[in-house]
Amino acid sequence: MAKTPAHLAIKNRLNVLRAERRITQEQLAKEVGVTRATIIAIEGEDYNPSLELAFRLARYFDTDVQSLFFIKEGTK
Amino acid sequence: MNKFDRFFLKTYLYGFFFVIGLGIVFNYCGLDDMRNAVSPLRQVNNVGGFVFASWMLMTMYLSLKLIFSGSFRDAVLSRITFLKERDEREKLFSGQAAKTTFMLTLAVLFFLLSLSCFEVSVYRVPPEKAINGKTGVLTLGVRLELLKDRSAPAPETFRRDIFSHTDLPISSTALILLLIGWQIASYNLCMRRFGIRS
């Protein structure tokens, strides 16, 4: 039986990419069709977006999902 | 929601204030005085009765529409209950809040069911009716009535009640209002709690 992995914490570079593009949370929220609270929650790593939203964010920043969202094992 | 339903709903809501106003007028003037009054007070009584009857019919129509029409239910009840589902995160929280509310309501209903079923009486009987020399009696029972029994048994006149519990202490209207308020409050409190966490 495979060993159960340690806690997988999903991290993201959303605030970095947003800062590079110089756009506000409100603007990004409007562009990807969510509320500002959701963007805040994703950036604060309190909420993991759905696959659809992850792809929408990646498409908006012209990157792929893996470079936007990545896993850090054993950390929260 | 179609135009007809929107018109009906607006008429119903504005009519609600009118019905309350009529209730105050009838209460102030007295129903018998209104019936025997000369015009125009009598006209107010006639028109008021017609409006009230129409409003009652509208209430029945809208209640049934809420049950059977999903889109109408979503449009109306989401406003009344302050339901927010603007994006996927709010939908997720809404689902969690709805689940918590459902479970809580179910727990409350179980509690109310047990309160309505159980019968507990503590009373004293006169010395000549004593059981094994004891005059204090405790009776326990379960009553599961699906239909209302209108013919209540005659109370035993010799017993002196100390404590008696046979049914819910509130009326069915109060209970329904309480459950509606409970559902709305529970859902919104859960949403707020999830919102603060995130």
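## Nonpolar core of chain A

In this predicted model, the largest nonpolar core contains 10 residues. Its members include Leu14(A), Leu28(A), Val32(A) and Val34(A). Ile39(A), Ile42(A) and Tyr47(A) also belong to the core, as do Leu57(A), Phe61(A) and Leu68(A). Two helices of chain A, helix 2 (25-32) and helix 3 (36-43), each contribute at least two residues to this core.

Ile39(A) is one of the core residues. Leaving out residues up to four places away in sequence, Ile39(A) touches Gln25(A), Leu28(A), Ala29(A) and Val34(A).

## Sheet of chain B

Chain B holds an open sheet of 3 strands. The strand order is 2-1-3, and the pairing is antiparallel. Strand 2 (136-142) and strand 3 (160-165) of chain B are the edge strands, each pairing on one side only. On average, neighbouring strands of this sheet are turned by 15° against each other, direction ignored.

Strand 1 (residues 118-124) of chain B is joined to strand 2 of chain B by 7 bridges. These two strands run antiparallel. Across this pair, Ser121(B) stands opposite Thr139(B) in strand 2 of chain B.

## Contact between the chains

How many residues does each chain bring to the contact? Chain A supplies 9 residues and chain B supplies 6 residues. On the side of chain A that touches chain B, 4 residues are nonpolar, 4 are polar and 1 is charged.

Notes:
Residues numbered from 1 in each chain as written. Chains lettered and ligands numbered in written order. Predicted model: local features only at pLDDT ≥ 70, side-chain atom pairs only at ≥ 80, totals over all residues. Contact = placed C-beta atoms within 7 Å. Nonpolar A, V, L, I, M, F, W, Y, C, P; charged D, E, K, R; others polar. Core = buried A, V, L, I, M, F, W, Y, C linked by C-beta atoms within 7 Å. Buried ≥ 20, exposed ≤ 12 C-beta atoms within 10 Å, placed from the backbone. Helix = DSSP H or I, 4+ residues; strand = E, 2+ residues; numbered from the N terminus. Pairing = 2+ DSSP bridges. Axes fitted to C-alpha atoms, helices over the stretch in contact; angles between N-to-C directions.
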